[in-house]
Amino acid sequence: MPNDTRISGFILMGFSAVPELQTVCGLFLLVMYLEVIVSNLLIITLITLDLKLQTPMYIFLKNLSLMDIFFISVPIPNFFINSITHNNSISVLGCALQVFLMTSFASGDVFVLTAMSYDRYVAICCPLHYETIMSSGNCVLMVGVSWATGILFGTLYTAGTFSMPFCGSIVIPQFFCDIPSLLRISCSDTLLVIYTSFGIGLCLGMFCIICVVLSYFYIFSTVLKIPTTKGQSKAFGTCIPHLTVFSIFITTACFVYLKPPSHTASIADSLFSVLYTVLPPALNPVVYSLRNTDVKCALWSLQKVLCPRGSLQLRVQNICPWYSASHFTTKFGNY
């Protein structure tokens, strides 16, 4: 017989039952969190201030960075506070808020990354029609749909999960509230609502994956027709980082949400949970922007305004004119 006592809160197991080790993990994730926040805020600031970066490619990057900031800000600060206070409890309302926000921003990330793959497809396979297809209106529409769809998924999953009563164990073997663990401690006779939401999410997730795969199939087919090896390497260089981050995000998300739930956290579970929440937001600024010459020029220009120096101005002049003269074509962009 299950225990029908209604649950008023949960216990987030975290990484270790040893308080000192839990504190060390909290400090480590706090350092990673601050790095992610600073780097993504820098990208958002540069794209906002520099008029040369007001293109569809950078609009997607700006929204991706914003979603990454919101996404990582949901579990990490709460875990750090818990690790310092040695209090791993979380209320039902707080857990529901975590589920809603993380699901919303994770879903939004997937749709923005899918839009970015389509942007690369149009830029490489249909360069003459790029400005028409990826107009400012269409770009804003794609971004708006990504945000709205993410919020819709967050609402569906949260409403479906917390419309059910919980009983039994209150321990969640994660450092954040995840849906598989919550489903395991549900004492509802029917899970129709949550499984319907899950089915819709799985179908749309597969749709996004298929769109990305098809985009890169046509991209690689077009790139392989470029006669020079140099041209091929430049074109591949605009796509491989995006494909890498998309693959990492999808793989870690599947491991966290599609694995059979358990009451005991393994090292692999904890590792993939950290990779899922920290790695994609940390990698995005590096692989998409900080290695991009356009963004480097914008960064040096901003530094010149904030800290004017003669040597810095000379360095900007040495970088940007060379880049403008040697950039192989704007139609391929730089991811």
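Buried means under 20% relative accessible area, exposed means over 50%, and partly exposed lies in between, with a 1.4 Å probe and protein chains only. This is a predicted model, in which local features need pLDDT of at least 70, side-chain atom pairs count only at pLDDT 80 or more, and totals for chains, interfaces and linings use all residues. Residues are numbered from 1 along each chain as its sequence is written, and side-chain values use heavy atoms, with hydrogens and water left out.

Reader: Is Ser146 buried or exposed?
Author: Ser146 lies in helix 6 (residues 136–162); helices are DSSP runs of H or I with at least four residues, strands are runs of E with at least two, and both are numbered from the N terminus. The relative accessible area of Ser146 is 4%, so the residue is buried.

Reader: Which residues is Ser146 in contact with, leaving aside its neighbours within four places in sequence?
Author: Contact means heavy atoms within 4.5 Å. With those neighbours left aside, the contacts of Ser146 are Met67, Gly108, Phe111 and Val112.

Reader: What is the relative accessible area of Leu202?
Author: Leu202 is placed in helix 8, which spans residues 192–223. This leucine is partly exposed, because its relative accessible area is 41%.

Reader: What share of the residues in the chain is buried?
Author: The chain has 13 helices and three strands. Of its 335 residues, the buried share is 45%.

Reader: Among contacts in the chain between residues at least 6 apart in sequence, what percentage joins residues at least 24 apart?
Author: The count concerns pairs at least 6 apart in sequence. Of these contacts, the part joining residues at least 24 apart is 79%.
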